[in-house]
Structures are given as C-alpha cells and as structure tokens.
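Hi everyone, thanks for coming.

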Amino acid sequence: MERIIDLDEAVAEVTDRRPSWRTRGLTVGPVTWRDAATPWPQRLETDRAEVTDPDSIGVHLRGPHETELLVVLYRGGWADIDHIASIDDAGALPTPSMTSAQRFGALLDTCVTRVFGLAP
C-alpha cells in the first residue's frame, strides 16, 4: 500500500483533540494500530511500539444516547467512517481522499460535529 499519510502525525491530530472531546462528554477509546508486517488476521494494537509497519489507525468515540463514531484511517489516503447518531441516522459516512494529517484532523472535526452535534 502506498504511503500517503504519516500515521504518527495523524495520531497527533487525535491526541490534540482528545481533551476537548472528553471535556464535552465523549468517551474516547485508545488509538488502535494495525501492522501490515504481521500475518492475517492482523491484530489491533494499542501500543505503537508493537507495530513495525503501520498501515492503519482507528479511534472509537461514544457520546450520549448511544451515539458512536468509529474512524479508521489507512496510510494509503482513505478512511472508513461508521456512525450512529440516532436510530434513523446510522451507517457509513462518505469521506474525501486524505492527503495529510491536517486534512484528517479536519475530517475528525467534521465527523464529531455531524454525529455528536459538537462544533470544534
């Protein structure tokens, strides 16, 4: 897989937002890492030191009233985003191509606003 996104920089975008998310009532799970160098099925790791060839990161946020957001970013420049905003508003969200960690940070802000109604 081509390396378009530096996943360590992308994790910094999550880390920068974590205190604000928690202050606003969201539960933020640990960042998970997937290692391309390990055999299938690949385990998700929470310790970056356990991953030699990262190909994706993920973060899971939970809010009030069973709202949830799961974002997985791949180093190839795309993301998978699943959400539950309400019983009538759940599923995958469309995502633009990711070309930088900063763009990923902006995507996180957009998704948090969309799912939890919280402005950045």
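Let's begin at the start of helix H1, where a side-chain oxygen of aspartate 6 comes to within 2.9 Å of the backbone nitrogen of aspartate 8. Please keep in mind that this is a predicted model.

Now, how far apart are the end C-alpha atoms of H1? They are 25 Å apart. H1 covers residues 7-23, and at 1.5 Å a residue its 17 residues should span 24 Å, so the two values agree. There is still a kink in H1, of about 35°, at arginine 17. Once H1 is over, we meet glycine 25, which has a positive phi, near 95°.

Which residues of H1 are buried? They are Leu7, Ala10, Val11, Glu13, Val14, Arg17, Arg18 and Trp21. Look at the spacing in that list while I remind you of a general point. An α-helix has 3.6 residues a turn, so residues three or four places apart point the same way. And what covers the buried residues of H1? The cover includes strands S1 (27-28), S2 (32-35), S4 (54-62) and S5 (68-74), along with helix H2 (101-116).

Let's zoom in on isoleucine 57. Setting aside neighbours within four places in sequence, isoleucine 57 is in contact with Leu7, Ala10 and Val11, with Val31, Thr32 and Trp33, with Val71, Val72 and Leu73, and with Phe104.

Finally, let's step back to the whole protein. It has 2 helices and 7 strands, and along the sequence they follow the pattern α-β-β-β-β-β-β-β-α. The radius of gyration is 14 Å, close to the 14 Å that the globule rule gives for 120 residues, so the protein is as compact as a globular protein of that length. Along its principal axes, the C-alpha trace spans about 40 × 25 × 25 Å. Buried residues make up 45% of the 120 residues. Of the contacts between residues at least 6 apart in sequence, 48% join residues at least 24 apart.

How values were computed. Residues are numbered from 1 along each chain as its sequence is written. This is a predicted model: local features need pLDDT of at least 70, side-chain atom pairs count only at pLDDT 80 or more; totals for chains, interfaces and linings use all residues. Side-chain values use heavy atoms; hydrogens and water are left out. Helices (H or I, at least four residues) and strands (E, at least two) are DSSP runs, numbered from the N terminus. The expected span of a helix is 1.5 Å times one less than its number of residues. The bend at a residue is the angle between axes fitted to the seven residues ending there and the seven starting there. Buried means under 20% relative accessible area, exposed over 50%, partly exposed in between (1.4 Å probe, protein chains only). Contact means heavy atoms within 4.5 Å. A polar contact is a pair of N or O atoms within 3.5 Å; within protein, one must be able to donate a hydrogen and the other to accept it, and residues adjacent in sequence count only if both atoms are side-chain atoms. The radius of gyration is taken over C-alpha atoms; the globule rule is 2.2 Å times the number of residues to the power 0.38.
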